[in-house]
Amino acid sequence: MTHGVDTDFLVAVEVREHPFHRRADSLVNRLLDENHTFALAPQTLAEFIHVVTDLRRMPEPLSMDEAIDRAERWWHAAEVLRVFPEGEAAIGFLSWMREHRLGRKRLLDTLLAATFFRAGVRRMITNNGPDFRVFGVFEIIDYAS
């Protein structure tokens with residue numbers, strides 16, 4: 001089964017000081033042992049790099065080169081399905097924004113959800129379950145619980 005990767009999960013896996021690092025790392029290893037795969041969108045990589053290099057969010061931010069190296073490792077991993085926000089995903093994104101009356105703080109998550117949905121991904125790994133449950137189409141894997 002393929003699991004969509006939300007940015008918060010990627011940050012938790014890659015930042016050892018993150019409060020949920022052990023849980024996230026354990027989940028990655030368990031899923032890999034069970035031959036699951038991960039879906040990753042380019043917008044997740046951009047958000048990941050933004051977060052892990054931000055001194056206001058990270059006590060020890062990564063350098064831009066370190067963040068890019070980690071993002072590239074994920075993007076090129078054999079266990080990763082690369083998904084893209086193509087035309088139908090954009091239509092779904094706009095539709096969900098209107099249908100669920102979502103505001104500007106929900107833009108990135110809604111575009112990510114629409115991208116995964118269009119790619120056939122129905123499981124999401126996130127610590128922000130309510131942001132994705134609203135769409136009624138995903139099984140949420142909350143790694144922080």
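Asn35 counts as exposed, at 68% relative accessibility (exposed means over 50% relative accessible area, buried under 20%, partly exposed in between, with a 1.4 Å probe and protein chains only). This is a predicted model: local features need pLDDT of at least 70, side-chain atom pairs count only at pLDDT 80 or more, and totals for chains, interfaces and linings use all residues. Residues are numbered from 1 along each chain as its sequence is written, and side-chain values use heavy atoms, with hydrogens and water left out.

Asn35 sits in the loop between H2 and S2. Helices (H or I, at least four residues) and strands (E, at least two) are DSSP runs, numbered from the N terminus. Most residues other than glycine have a negative phi. Asn35 has a positive one, near 65 degrees. Arg101 also has a positive phi, of about 50 degrees, although it is not a glycine. Arg101 lies in the loop between H5 and H6. Arg101 is exposed, with a relative accessible area of 75%.

Is His36 buried or exposed? His36 is buried, because its relative accessible area is 15%. Its side chain joins that of Glu34 in a polar contact of 3.3 Å. Such a contact is a pair of N or O atoms within 3.5 Å; within protein, one must be able to donate a hydrogen and the other to accept it, and residues adjacent in sequence count only if both atoms are side-chain atoms. Leaving out residues up to four places away in sequence, His36 touches Met1, His3, Leu31 and Arg123 (contact means heavy atoms within 4.5 Å).

Now the sheet. Five strands form an open sheet with parallel pairing, in the order S3-S2-S1-S4-S5. Its edge strands are strand S3 (80-82) and strand S5 (139-141), and each pairs on one side only. Two strands pair if DSSP finds at least two bridges between them. On average, neighbouring strands of this sheet are turned by 35 degrees against each other, direction ignored.

Walk across the strands. S2 and S3 run parallel, joined by three bridges. Phe38 has Val80 as its bridge partner in S3. Three bridges also join S1 to S2. Here Thr2 stands opposite Thr37 in S2. S1 and S4 run parallel, again with three bridges. Val5 stands opposite Ile125 in S4.

Helices cover the strands. H2 lies across strand S1 (2-5), S2, strand S4 (123-125) and S5, and runs at about 120 degrees to S2. Helix H6 (residues 107-118) packs on the sheet and touches S1, S2 and S4; its direction makes about 160 degrees with that of S1. Axes are lines fitted to C-alpha atoms, for helices over the stretch in contact, and angles run from 0 to 180 degrees between N-to-C directions.

Next comes a helix pair. Helix H3 (residues 42-52) and helix H4 (residues 64-76) pack at about 150 degrees, with their axes 9 Å apart. H3 and H4 are therefore roughly antiparallel (over 145 degrees; under 35 counts as roughly parallel, 65 to 115 as roughly perpendicular and the rest as oblique). Residues making the contact include Leu45 and Phe48 of H3, and Ile68 and Trp75 of H4.

Finish at Glu99, in helix H5 (residues 87-99). Glu99 counts as exposed, at 53% relative accessibility. Glu99 and Phe135 are 36 residues apart in sequence, yet 9.5 Å apart in space, C-alpha to C-alpha.
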